[in-house]
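Please read it alongside the sequence and the coordinates shown here.

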Amino acid sequence: MEKKNCALATMKDVAKVAGVSTATVSRTLMNPDKVSSHTRQKVENAVLEVGYYPHNLAKNLRRNESRAILVIVPNISDPFFNESIRGIEETAAKHGYLVLIGDCKHQQQQEHAFINLLITKRIDGMILLGSNVPFDVSKEEQKNMPPMVMANEFAPELGLPTVHIDNLTSAFNATHHLQKIGHKRIACITGPDTMPLCQYRLQGYIQALRRTSIPIRDEYIVKGDFTHESGAESAEILLTLPEPPSAIFCHSDVIAIGAMWQAKKMGLKLPEDLSIVGFDNINMAQYSAPPLTTVAQPCYEIGHNSMLLLLEQLQGRMVSKGSRLLDAELLIRESTCSPKS
């Protein structure tokens with residue numbers, strides 16, 4: 001079916017695409033709990049397809065009076081996102097916008113909640129702080145969605161303006177630092193392999209080893225997630241190998257701090273017995289024992305710049321798709337040293 005301009009779409013158009021009556025469409029939009037989840041999904045998909053918005057919100061939409069931005073966060077409990085969100089909120093506030101936080105991991109029935117914000121036009125734009133989004137943001141669906149910007153992740157297939165760092169090069173530099181100070185048995189604790197940034201960080205680790213002709217040992221690559229528990233459990237696996245690593249590169253500081261805790265619990269002295277490198281430079285990293293060597297992401301600047309990109313779109317300016325790369329820096333602290341001879 002040919003897509004309709006949002007100013008022309010009617011409830012009848014929604015009903016036709018969804019295969020239901022206009023009364024059902026009205027009931028779904030006004031009282032979604034009174035229809036089945038199957039019907040609700042059909043209506044919501046149809047609303048997005050035809051670009052319909054309720055008439056009683058047309059006045060506010062034309063005047064752009066929502067003044068609200070939705071920020072989709074993969075996991076609000078992860079301290080990495082704190083500074084990015086602060087960068088977004090402070091920049092948004094200066095331009096008169098309110099920021100709503102959508103937590104992909106912990107919000108119940110989040111898909112319906114987020115879609116409802118889109119349907120009722122209660123948000124003017126969205127910033128995606130990851131690639132794990134609980135609704136379809138394909139290029140086709142973007143036609144009837146508010147402006148969007150992606151931050152931290154890079155998903156070129158979505159064709160969104162994106163602010164991020166070079167994760168592959170940063171991971172290469174972190175691993176190469178361990179090589180330069182003499183480590184040859186270097187392990188890696190990854191984040192979820194469903195996240196593109198983790199794939200890039202793993203590739204950076206592998207490329208650094210290959211550059212110096214160090215064999216890639218499958219047992220030295222342990223898949224985790226961005227939690228302290230994952231870091232601790234993965235470190236225990238690595239440190240009980242017949243030939244344990246002398247250094248570990250972790251895909252996040254949270255993982256690294258969990259790994260450090262486990263190593264000390266097993267009686268190792270850091271960094272003399274085991275060097276550890278993290279990623280992100282969260283506030284906790286400089287206060288860990290020992291202070292953590294890590295890749296410092298410009299988190300506040302990522303949030304600030306992503307909001308500026310969104311504001312440009314909201315002001316009617318054309319914004320080119322693709323990457324805006326920010327610099328990341330390897331901070332050398334006391335969690336790394338040369339291995340024992």
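Predicted model: local features only at pLDDT ≥ 70, side-chain atom pairs only at ≥ 80, totals over all residues.

A residue is called buried when its relative accessible area is under 20%, exposed when it is over 50%, and partly exposed in between.

**Helix α8**

- The buried residues of α8 are Pro 196, Leu 197, Cys 198, Arg 201, Gly 204, Tyr 205, Ile 206, Ala 208 and Leu 209, and they pack against the helix α7 (167–180) as well as the strands β6 (186–190), β7 (221–223), β8 (247–250) and β9 (275–280).
- In general, residues three or four places apart in an α-helix point the same way, because such a helix has 3.6 residues a turn.
- The 16 residues of α8 should span 22 Å at 1.5 Å a residue, and this agrees with the 22 Å that separates its end C-alpha atoms.
- After α8 comes Ser 213, whose phi is positive and lies near 60 degrees.

**The largest pocket**

- The space in the largest pocket amounts to about 500 Å³, and its lining consists of 29 residues, of which Pro 74, Asn 75, Pro 192, Met 195 and Phe 226 lie nearest the centre.
- Sorted by class, the lining of this pocket holds 12 nonpolar, 10 polar and seven charged residues.
- Both α8 (196–211) and α10 (253–265) supply at least two residues each to the pocket lining, and α8 gives the most, with three residues.
- Domain 2 (66–165 + 299–328) and domain 3 (167–296) each provide at least three residues of the lining of the largest pocket.

**The largest cavity**

- The count of cavities of 30 Å³ or more comes to one, and the volume of the largest cavity is about 30 Å³.
- Lining the largest cavity are Lys 184, Arg 185, Ile 186, Tyr 205, Leu 209, Ile 214, Pro 215, Arg 217 and Tyr 220; two residues named here, Tyr 205 and Leu 209, are also listed among the buried residues of α8.
- By class, the cavity lining comprises six nonpolar and three charged residues, with no polar ones.

**His 176 and Tyr 205**

- His 176 belongs to helix α7, and its relative accessible area of 27% makes it partly exposed.
- Although His 176 and Tyr 205 are 29 residues apart along the chain, their C-alpha atoms are separated by 8.2 Å.

Key
Residues numbered from 1 in each chain as written. Heavy atoms only, no water. 1 Å grid on protein atoms, 1.4 Å probe; cavity = no way out; pocket = protein on both sides within 12 Å on 5 of 7 lines; lining within 4 Å. Points joined across faces, edges and corners; volume = space filled by probe spheres on them. Helix = DSSP H or I, 4+ residues; strand = E, 2+ residues; numbered from the N terminus. Nonpolar A, V, L, I, M, F, W, Y, C, P; charged D, E, K, R; others polar. Domains from an automatic or database assignment. Expected span 1.5 Å × (residues − 1). Buried < 20%, exposed > 50% of the residue type's maximum accessible area, 1.4 Å probe, protein only. Contact = heavy atoms within 4.5 Å.
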